[in-house]
Amino acid sequence: MFASPLAGIYPAGSELPSVRLLAEQYDTSHMTVRRAVDSMIQSDELIGRVGRGIFVA
């Protein structure tokens, strides 16, 4: 999951699926995905918009 947005699966500006859907897709817990997403938001790789979703920067 960690490299997916950077690997071109989700192009810049695209919205990521929900954390729960990503957890199912990558067969991991939603907390693991949440931590990865939070880390990527902190490093400006993703943009989190409250009530709108998570987008690739």
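What percentage of the 57 residues in the chain do buried residues make up?

1. Buried residues account for 30% of the chain's 57 residues, where buried means under 20% relative accessible area, exposed means over 50%, and partly exposed lies in between, with a 1.4 Å probe and protein chains only. This is a predicted model, in which local features need pLDDT of at least 70, side-chain atom pairs count only at pLDDT 80 or more, and totals for chains, interfaces and linings use all residues. Residues are numbered from 1 along each chain as its sequence is written, and side-chain values use heavy atoms, with hydrogens and water left out.

2. The secondary structure consists of two helices and two strands, and reading along the sequence gives the pattern α-α-β-β. Helices (H or I, at least four residues) and strands (E, at least two) are DSSP runs, numbered from the N terminus.

3. Helix α2 has 13 residues, which at 1.5 Å a residue should span 18 Å, and this agrees with the 18 Å between its end C-alpha atoms; the expected span is 1.5 Å times one less than the number of residues. Just after α2, Asp 44 takes a positive phi of about 65°.

4. Which residues of α2 are buried? They are Val 33, Ala 36, Val 37 and Met 40. Seen down the axis of α2, these buried residues fall within an arc of 100°, so they line one face of the helix; the arc is that of the directions from the helix axis to the C-beta atoms. The exposed residues Arg 35 and Gln 42 are carried by the face of α2 turned away from its buried side. The cover over the buried residues of α2 includes α1 (19-25), β1 and β2.

5. The structure holds one salt bridge, meaning a side-chain nitrogen of Lys or Arg within 4 Å of a carboxyl oxygen of Asp or Glu. Arg 34 forms this bridge with Asp 38, and their closest N and O atoms are 2.8 Å apart. Both residues lie in helix α2 (residues 30-42), where they are four residues apart, about one turn of the helix. Arg 34 counts as partly exposed because its relative accessibility is 28%, and Asp 38 counts as partly exposed because its relative accessibility is 36%.

6. Met 31 also has its place in helix α2, and it counts as partly exposed because its relative accessibility is 41%. Although Met 31 and Arg 20 are 11 residues apart along the chain, their C-alpha atoms are separated by 9.0 Å.

7. Strand β1 (residues 46-49) and strand β2 (residues 53-56) run antiparallel and are joined by four bridges; two strands pair if DSSP finds at least two bridges between them. Ile 47 has Phe 55 in β2 as its bridge partner, while Gly 48 has Ile 54 in β2. The hairpin of β1 and β2 has three residues between the strands, and in it Gly 51 takes a positive phi near 80°.

8. The largest nonpolar core has 11 residues in all, including Tyr 10, Leu 16, Leu 46 and Ile 54, and α1, α2 and β2 each supply at least two residues of this core. A nonpolar core is a set of buried Ala, Val, Leu, Ile, Met, Phe, Trp, Tyr and Cys residues joined through side-chain atoms within 4.5 Å. In soluble globular proteins, nonpolar side chains tend to be buried together.

Methods. Contact means heavy atoms within 4.5 Å.
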